[in-house]
Structure formats: structure tokens, C-alpha cells
Amino acid sequence: MSIVVENLTKQYGVQKAVNDISFEVKTGEVVGFLGPNGAGKSTTMKMITCYMAPSAGDVRLDGVSVLEQPEEVKKKIGYLPENNPLYTDMPIVEYLRFAAEIQGVEPSKIPTRIGEMIEMCGLDLEKHKKINELSKGYRQRVGIAQAMIHDPEVLILDEPTTGLDPNQIIEIRKLIKKLGKEKTVILSSHILSEVEATCDRILIINRGNIVADGSSENLRKQAQGQELLTVSIEAEAKEVEAALRDLASVEKVAAVDGKEGFYQVQSKPEKASRKAIFDLCVEKKWYLMEMTGTETRLEDVFRDLTN
Ligand SMILES: Nc1ncnc2c1ncn2[C@@H]1O[C@H](COP(=O)(O)OP(=O)(O)OP(=O)(O)O)[C@@H](O)[C@H]1O
């Protein structure tokens with residue numbers, strides 16, 4: 001099921017939390033919504049899931065509009081809201097039954113559906129516990145199970161791994177990947193590695209605007225317009241830094257923290273500096289111990305776009 005977001009805007013008083021954004025998610029895609037705190041991720045997700053009306057614009061799921069047919073849209077969507085609000089004094093099975101009834105699952109199918117969700121989300125050993133007796137990771141699994149109970153074609157997960165320990169994060173990521181094979185998924189996060197590990201495509205949102213859209217590979221390539229080298233030179237640091245900076249092709253030089261004699265050298269756009277660095281070392285009779293190209297890290301792309 002495809003999702004088309006058209007000129008979506010949300011205004012809170014004078015603040016535009018989401019500013020005229022448009023994008024499409026194709027059937028079966030797993031898209032990561034990445035942005036710093038307050039970027040507008042949750043607000044966008046609330047509008048897609050009909051929990052909040054847009055100030056302007058529309059969202060269509062296979063052509064069905066959130067403005068015109070919100071009840072139809074809700075049937076097609078499973079939503080794990082931020083902070084995963086659950087009825088904590090309910091046992092898991094009771095809670096899932098309640099979620100199924102609310103979502104209009106046919107009564108005769110509810111027991112089977114609950115069983116399937118318990119299996120899919122790895123809740124079997126804990127299923128008789130009350131939600132307030134569960135660890136955070138298991139509560140998150142219950143949140144995903146309730147989001148999936150009516151077998152929606154689209155899953156919207158707002159920060160699904162927040163507050164989990166590293167093992168639980170890996171488990172939840174595996175689960176999302178598995179679900180992503182059959183469903184269209186949008187998940188939000190402000191953690192880059194999370195989005196990179198689970199998503200086919202990344203949308204970076206900042207101050208209510210989409211500032212990048214592509215696979216992690218593409219985003220890196222786009223940012224890699226400038227050559228970045230790590231060099232190691234055995235000589236007096238100040239002199240080396242100054243001489244590297246003076247090379248015509250070099251834009252920036254920075255000593256690498258904690259690694260004596262190592263420098264990061266960024267070339268000017270369309271320029272290459274390897275030969276000039278080599279010649280410089282020969283001329284100065286410095287030992288060039290190492291010179292390697294450095295791949296632009298996604299962290300750097302993110303920082304550049306959202307700072
Ligand atoms: N109900 C509200 N009333 C007024 N302002 C709001 C409301 N909800 C969100 N905002 C503001 O809208 C902006 C976007 O918030 P949103 O929760 O969508 O960001 P986010 O990207 O999900 O952030 P986080 O990663 O911190 O959850 C923020 O500046 C926030 O303070």
C-alpha cells in the first residue's frame with residue numbers, strides 16, 4: 001500500500017511544526033524518518049495516522065484521504081505512538097483482545113490473531129503477565145503487537161526502540177525487518193544507526209522541512225562531493241598543519257583527536273590533494289606514514305543538514 005503525503009503542514013500557534021512537506025512511500029518500502037528533537041517527526045506521524053488533523057495538505061493511502069475518510073485510513077494503519085501508551089494493569093492477552101475489538105477485528109478471528117501476534121512478537125513466555133510486570137523491551141513488543149493486531153498494510157512506528165537496552169534494540173530491529181517484508185513501514189528515530197540498520201530509505205527532517213531523501217548510500221554519495229583524506233606524517237605538528245593548509249587544493253585541515261601525527265584533510269570541491277601531499281613530504285623530508293581516503297559518515301551528513 002502506497003502513502004502519498006501532499007503539502008502537509010501543521011501549525012501550532014505561530015510555530016510551523018511541519019512545513020509543507022511532500023513525499024511518497026511505495027508499497028513494501030521501509031522508510032526511516034530521521035531528525036533531531038523537535039524536528040516534526042511525531043507531528044507528521046500523528047497526521048498520517050489521523051490522530052491529528054493537518055493545518056493544510058493531505059495524506060492518501062492508496063488514494064484514500066485522511067481528510068475525507070479517516071475511519072478507512074485507520075483500518076489500514078497500525079500505529080505505535082511515541083511513549084507507547086498501554087493499559088498497564090491489563091494482562092497481555094486481555095490487552096490484545098481489547099485492541100482487536102477496538103480495531104474491529106471479527107470476533108471469531110480474535111483468538112487466532114492474538115496467537116499470531118504473540119508468536120510474531122516473541123511474547124509467548126510472558127503472555128500471562130500483566131503489562132506492568134514486563135520489561136521495557138517486552139512492553140515495546142506489546143505495543144507493536146497491538147499495532148499489528150488488525151493486520152494493517154501500513155505500520156507507523158514512532159521511536160520504536162527508545163529506552164531499550166542494546167539486546168532488546170537488536171531484537172526489535174529484527175522484528176521490524178521481518179514485518180517490513182510484507183508491510184509498508186515508516187519509523188521515526190533520532191538515532192542514525194537505527195535507521196541505517198532497518199530502513200531501505202531515509203528521510204531527514206529538520207525544523208519541519210524535509211532536507212534529504214534517499215538510501216544511506218545515496219545520502220553519503222551526495223555529501224561526498226569533497227575528497228576527505230586521513231594522513232599520518234611524522235614531523236612537528238604545527239608545521240605540518242600549516243603546510244597542509246597552504247596547499248592550493250586543500251580546504252580544511254584538522255588534527256585527529258587522540259592520534260598523534262594524524263590529520264584529516266578535506267580538499268576543495270572537485271580537487272584532489274594526494275599528489276600534492278606526497279610531494280610536500282618529499283620536499284620537506286617528512287615521513288608519510290599513511291594516507292587513506294575517508295568515507296563520509298552518515299553522522300556527518302546528518303549534522304551538516306540539521307545543524
Ligand atoms: N501539541 C503541541 N502544541 C504545541 N507545540 C507542539 C505540540 N506538539 C509538538 N509541538 C512542537 O512542534 C515541534 C515538533 O514536535 P514533534 O513532537 O513533532 O517533534 P519530533 O521530531 O517528534 O521530536 P522528538 O524527537 O523530540 O520526539 C516542536 O517544536 C514541538 O515543541
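Residues are numbered from 1 along each chain as its sequence is written. In this predicted model, local features need pLDDT of at least 70, side-chain atom pairs count only at pLDDT 80 or more, and totals for chains, interfaces and linings use all residues.

**Exercise 1.** Determine how strand β3 is covered and what it pairs with.

*Solution.* Start with burial. A residue is buried if 20 or more other C-beta atoms, placed from the backbone, lie within 10 Å of its own; it is exposed at 12 or fewer, and partly exposed in between. Strands are DSSP E runs of at least two residues; helices are H or I runs of at least four; both are numbered from the N terminus. In β3 (residues 30–34), 5 of 5 residues are buried. Now pair the strands; DSSP must find at least two bridges. β8 (residues 184–189) runs parallel to β3 over 5 bridges. β9 (residues 201–206) is also parallel to β3, through 4 bridges.

**Exercise 2.** Is Ser216 buried, exposed or partly exposed, and why?

*Solution.* Count first. Ser216 is partly exposed because 19 other C-beta atoms lie within 10 Å. Then place Ser216: helix α8 (residues 216–223).

**Exercise 3.** State how far apart the two domain centres lie.

*Solution.* Take the bounds from an automatic or database domain assignment: domain 1 is 3–214, domain 2 is 225–294. Over C-alpha atoms, their centres are 46 Å apart.
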